[in-house]
Amino acid sequence: MKLVKLLANLGYGSRREVQRLIRAGAVTHENGDALDDHSATPHAEIRFRGEPLDPEFPLTIMLNKPDGYTCSADDPGSTVYDLLPERFAHRNPGLNCIGRLDKDTTGLLLMTDDGKLLHKIIHPKSACHKVYRATLARPLEGHEAALFASGTLMLNGETKPLLPAQFEKLGECEALVTLHEGRYHQVRRMFAAAGNHVVALKRISIGGLQLPEDLEEGEWCALSADDMQRLLG
Ligand code: URA
């Protein structure tokens, strides 16, 4: 891709603005040589005002989503997009959430500009199971594992039973739930059907990809090739 188009697509400015920046010498090779629109320089060697360029396309990131942020780009309140560099809002193609988390759910959120990958993961036949850690208002009663695994649990207002889900008790009021589908407020509604109430919910993995322990709430990182392998199995 030509430099002007690349930088414009990365959100550094309109094509005209980027042309001006290139002419002014803001875009260089790592060795300091000014680049022009015809330079075929590897992405990793390009500098913008001395700084490495933002990650190239396609880009998939994981974010440790904090409580209180929605996944919808046009929500008037705080959104997960507020946690990313301002320039990312101007990338073309832009990043979309791979499946949403509720405003008050925390943890692993994937975002990508790769439409094929997004559809692969959210497709109902996707092998990417999701694991949630739920904190409950009341002690677990012991019937939850069988209820969730039954394949007959019907959520309020729905006509199709849930696919079997795995349940693991972690403590009196704490459990892991593994889902193989993604319905609206699914974990919260499952516990409501079991006579309990979720007070905190965190997604800790998608497919074989775990939320890294050193990724603080509100932080993000690009997926490496190894992460992608773990995700898709
Ligand atoms: N289940 C829920 O109830 N909420 C989420 O955000 C994800 C799964």
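Domain bounds in this report come from an automatic or database domain assignment. For the protein chain, that assignment gives domain 1 (3-52), domain 2 (60-124 + 214-232) and domain 3 (130-206). The centres of domain 1 and domain 2, taken over C-alpha atoms, are separated by 27 Å.

The structure is a predicted model, in which local features need pLDDT of at least 70 and side-chain atom pairs count only at pLDDT 80 or more, while totals for chains, interfaces and linings use all residues. Residues are numbered from 1 along each chain as its sequence is written, and side-chain values use heavy atoms, with hydrogens and water left out.

**Domain 1 and domain 2**

Five residues of domain 1 are in contact with four residues of domain 2, where contact means heavy atoms within 4.5 Å. The size of an interface is often given as the accessible area lost when the parts come together. Buried area is accordingly the accessible area (1.4 Å probe) that two parts lose on being put together, summed over both. Between domain 1 and domain 2 it is about 440 Å², of which carbon and sulfur atoms give 46%. On the side of domain 1, Asn 9, Leu 10 and Gly 11 lose the most area to domain 2, together 78% of what that side buries.

**The two pockets**

On a 1 Å grid over the protein atoms alone, a pocket is an open set of points where a 1.4 Å probe fits, with protein on both sides within 12 Å along at least five of seven lines; lining residues have an atom within 4 Å of a point. Grid points are joined across faces, edges and corners, and a volume is the space filled by probe spheres set on the points. In the table, Ala, Val, Leu, Ile, Met, Phe, Trp, Tyr, Cys and Pro count as nonpolar, Asp, Glu, Lys and Arg as charged, and the others, Gly among them, as polar.

| Pocket | Volume | Lining residues by class |
|---|---|---|
| Largest pocket | about 670 Å³ | twelve nonpolar, eight polar, nine charged |
| Second largest pocket | about 190 Å³ | four nonpolar, two polar, five charged |

Of the 29 residues that line the largest pocket, Glu 181, Gly 182, Arg 183, Tyr 184 and Gln 186 are the closest to its centre. Domain 2 and domain 3 each supply at least three residues of this lining.

The second largest pocket lies between domain 2 and domain 3, because both give residues to its lining. Among the residues that line the second largest pocket are Asn 64, Arg 133, Lys 202 and Glu 217.
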